[in-house]
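Hi there,

Here is the structure I promised to pass on to you. Have a look at it first, and then read my notes below.

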Amino acid sequence: MTVHFKQDKPDTRNLLDRGSQDIIGKALSRPEGLAKVTGTAPYAAEYHAEDTLTGVLVTAPFTKGTITGIDKKQALEMDGVVAVIDDMRMTVRPAQGGAGESPEQQPSHIDYFGQPFALVVATSFEKATHAAKHLPFSHEADDVDDIPLDPEDMETEEGDGNVRAGDLAHAMATAPHTVDLTYVTHGHASAAMEPHAALAEWDGERLIVHASLQMPNFNISELSDALDLPEDKIRIVSRYVGGGFGSKLGLSEEVTAAALAAMELKRPVRVVMSRQQVFQTIMRRSESKQRVRLAADGEGRLIGFGHEARVSNLPDEEFAEPVLQSSVFLYGGENRLMELEVGRIHQMTAGSVRAPGEAIGMPVLEAAMDCLAEEVGIDPVELRLRNIPEKDPSKGLPFTEHELADCLTKGAEAFGWEKGPRKPRQRREGEWWIGTGMASAARVHNVSEAKARVTLNGDGTARVQSDMTDIGTGTYAILTQIAGEMLGLAPENVLVELGDTDFPRGPGSGGSWGAASIGSAVVIACQSIREQLADRAGIGEDQLDLRDGSLRDGSNRTLQDLLDGEPLSIEGHYEPGDISDDYTASSFGAFFAQVRVNRHTGETRVERMLGAFGFGRVLNAQTARSQCIGGMVWCIGSALTESLLFDPVDGHLANCDLAEYHVPVHRDVPDLEVMMLERNDPAASAVQAKGVGELGMCGGAGAIANAIYNACGARMFEFPMTPDKVLEAMPD
Ligand code: MOS
């Protein structure tokens, strides 16, 4: 039986408050945590299949052109080589999140340096690697002078979602206070700890692929389209995913390559990308150039707000990093101009990388706001507070719960923010300048269609099943808590099974919508089970008080008594309704950072950082906090070190491993303080939660930039702010 709930209005039933188990929102450790840390949780490449062959992808050592021939005969003479796959159905770009159809397939046509064009299959990883390295092939490369490689030279087209209202130019010309600033941000890599991997098995009837994917619910359609094989002949299993950050939203090359090889050879084939291949072929976050214009009255209230951005992608890709996504509703100002344009460039596909849009749009906006606060001569926190709009200024819609003011004031208090106008270079200890900075956080909230099956077994334990994934975000724990809370079961009596397309379709992990969407499907299934249990107990559902598998009405009845040995199984189906036409929904926050900057070397060290966040109901205090912390670590990386560096001559990525692409390591990260300002949001989802996964990195790099200025007086307009740039910008 299926229960369907389409959310057209706020859900004020407060379903999650009906239980008595008292585990929802608590800091429950991951049920799968022990298996993960002891190495017994099988990741995609670790599944065992008899007679498995290994495939290694061969990638183009040039940027644009055509593969004109592969000498397969010679390749097959190499030790251990079983096949060379260059089937035209092999995908050569990763699909964008939620695509549901095959990404580009045309391995002979090369569009970026590092694009896969063949798979060498051999009896061992070493032999396949050797043969892939020495695969004889011929190609015709385009003249590099004819290929757009530099973002400054690209041809551009208009992107989506542009906003134009009033007359920004007039506001800029007449307002008492203005700033007009242009910033550059560099590309980012996802580089999840688990590289992209797939193990495909084909028995002539059905294809089973163990893969590391965020959205099997869409990936199955993408694979079906790529292979021209019906979905009912495909099963994707992604039980554990070692991080995704957007890089595993869509189907990528290792999956189709492994599948094609397994189908051709009728033996299991495993393909794992090397770290370098992950960097070179998996999607990047686009670099950006952003102009921010702010015009304010004498009190710092915005009358004009412009944010224009240029990003890039490969020819024919629809995705454009949505840099302005939160700018459109974050602050007021009646004269508005928000324009996004995308240029065509031959670097690997640009796509969703954690918090696509806000991750680079918010730090730039918040750095510009800091300049405006200085210009107006008021406290930067006060400047934000004065500009929080009553309604979404671009759409005219009311907001669902709006936590920004709370996050700003409570965060400032907890951090010990000194109120008032600020001056740089006020505090020095030896060779270190010390300063503080702040920024707002915002990340749009979305929900996605989701299905989950909840079964209350005859023995009084429960099972939750969906093809939803847990990419390290805590889905297993959260769904254990929701089912346990609703059905009155201790966590150890709830089994959650995820990441298998033989289960009902979940929403996938992406866009921070995972927990709210799949949680809503589980809560409505559980609610239906509660109603049936209450019926059997001869009471109203609102009187049903369950804890640890028993009714707490003095009757000593247990769930087993009510079930009489028979399981109760319900599929919950949650669907986003028209509510998005009525409200603008976003998670909010505020960052506060203290840095020290070396006056001789320009080195910046983040000394402490606090994030105050509001994202509706907190489903699990521990996993939510961990998401915030992870986001804040990326704020440090994007503020100070992270940058994809392309060779200007031939366009190849020069830093394609974690030794050369600098992420913050333990020594770079101080204790990060996270405050969660919980406020249930009935318009956000049936569990009254909003997205939290990406929020923690939406603006924090701006707080660090502002702290650098406050410390040493270096105003910079390029992220990351590496020591060379700090030194150049620092006053003598
Ligand atoms: Mo996210 S970038 O939608 O995994």
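How far apart do the end C-alpha atoms of residues 38–143 lie? They lie 51 Å apart, and the span is 13% helix and 30% strand. The UniProt annotation from an unreviewed entry, "domain: Aldehyde oxidase/xanthine dehydrogenase a/b hammerhead", covers residues 38–143; such annotations may be inferred rather than shown by experiment.

A word on the basis: this is a predicted model, where local features need pLDDT of at least 70 and side-chain atom pairs count only at pLDDT 80 or more, while totals for chains, interfaces and linings use all residues. Residues are numbered from 1 along each chain as its sequence is written, and side-chain values use heavy atoms, leaving out hydrogens and water.

The chain has 18 helices and 29 strands (DSSP runs, H or I of at least four residues for helices and E of at least two for strands, numbered from the N terminus). Its C-alpha atoms fill a box of roughly 80 × 75 × 50 Å along the principal axes.

Now for a pair of helices. Helix α12 (residues 475–487) packs against helix α13 (residues 514–537) at an angle of about 25°, with the axes 9 Å apart (axes are lines fitted to C-alpha atoms over the stretch in contact, and angles run from 0 to 180 degrees between N-to-C directions). That makes α12 roughly parallel to α13 (angles under 35 degrees count as such). Residues in the contact (heavy atoms within 4.5 Å) include Ile478 and Leu479 of α12 and Val522 and Arg530 of α13.

Enjoy exploring!

Notes
Parallel < 35°, antiparallel > 145°, perpendicular 65-115°, else oblique.
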